[in-house]
Amino acid sequence: MSKPCAIQKQIESSNEIIADLRERIRKMERRLQDPQMPEERRKEVETELTEIKKMLETNEEMLQKLHRENSKSFAVAACLFFACFLIYGVYVLIVGLSMY
């Protein structure tokens, strides 16, 4: 089995980071619902929550860019495959016709 390319590794890593950040956000929002939490602690958690949401947004944007880059790589590979197939077909036609 082949090793995943660098872009695929980055996509997997970004997906894991995004999942972790979403889990942290969910836990922090649940903590904020506690009515007994002191106001000072609540502000700290809200600030941290805002920072984590910014990190999540940044990672999601990076993931979209990686997906676009991965699509470009696939398109290049598909074009190369098609070009090779076309060249082979033309070669077979030329060599096949000259044999008769």
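**Exercise 1. Determine which residues serine 14 touches, leaving aside residues up to four places away in sequence, and whether serine 14 is buried or exposed.**

Solution. Serine 14 is in contact with Met62, Leu63 and Leu66 once residues up to four places away in sequence are left out. The structure is a predicted model. The last step concerns accessibility. The relative accessible area of serine 14 is 1%. Buried means under 20%, so serine 14 is classed as buried.

**Exercise 2. Describe helix 1 by its span and by its buried residues.**

Solution. Begin with the span. Helix 1 contains 27 residues, and the distance from its first C-alpha to its last is 39 Å. This is close to the 39 Å expected at 1.5 Å a residue. Then list the buried positions: Ile7, Ile11, Ser14, Ile18, Leu21, Ile25, Met28 and Leu32. An α-helix has 3.6 residues a turn, so residues three or four places apart point the same way.

**Exercise 3. State how many salt bridges a search of the whole structure finds, and examine the one between glutamate 60 and arginine 22.**

Solution. The search finds five salt bridges. In one of them, the side chains of glutamate 60 and arginine 22 meet at 2.6 Å, N to O. This pair links distant parts of the chain, with glutamate 60 in helix 2 (residues 39-99) and arginine 22 in helix 1, 38 residues apart.

**Exercise 4. Locate the partners in the salt bridges of arginine 26 with glutamate 23 and of arginine 24 with glutamate 48.**

Solution. Take arginine 26 and glutamate 23 to start. Their closest N and O atoms are 2.3 Å apart. Both residues lie in helix 1, three residues apart, which is about one turn of the helix. Arginine 26 is partly exposed at 41% relative accessible area, and glutamate 23 is partly exposed at 31%.

Now take arginine 24 and glutamate 48, whose closest N and O atoms are 3.2 Å apart. Here the pair links distant parts of the chain: arginine 24 is in helix 1 and glutamate 48 in helix 2, 24 residues apart. Arginine 24 is partly exposed, with a relative accessible area of 38%. Glutamate 48 is likewise partly exposed, at 30%.

How values were computed: Residues are numbered from 1 along each chain as its sequence is written. This is a predicted model: local features need pLDDT of at least 70, side-chain atom pairs count only at pLDDT 80 or more; totals for chains, interfaces and linings use all residues. Side-chain values use heavy atoms; hydrogens and water are left out. Buried means under 20% relative accessible area, exposed over 50%, partly exposed in between (1.4 Å probe, protein chains only). Contact means heavy atoms within 4.5 Å. Helices (H or I, at least four residues) and strands (E, at least two) are DSSP runs, numbered from the N terminus. The expected span of a helix is 1.5 Å times one less than its number of residues. A salt bridge is a side-chain nitrogen of Lys or Arg within 4 Å of a carboxyl oxygen of Asp or Glu.
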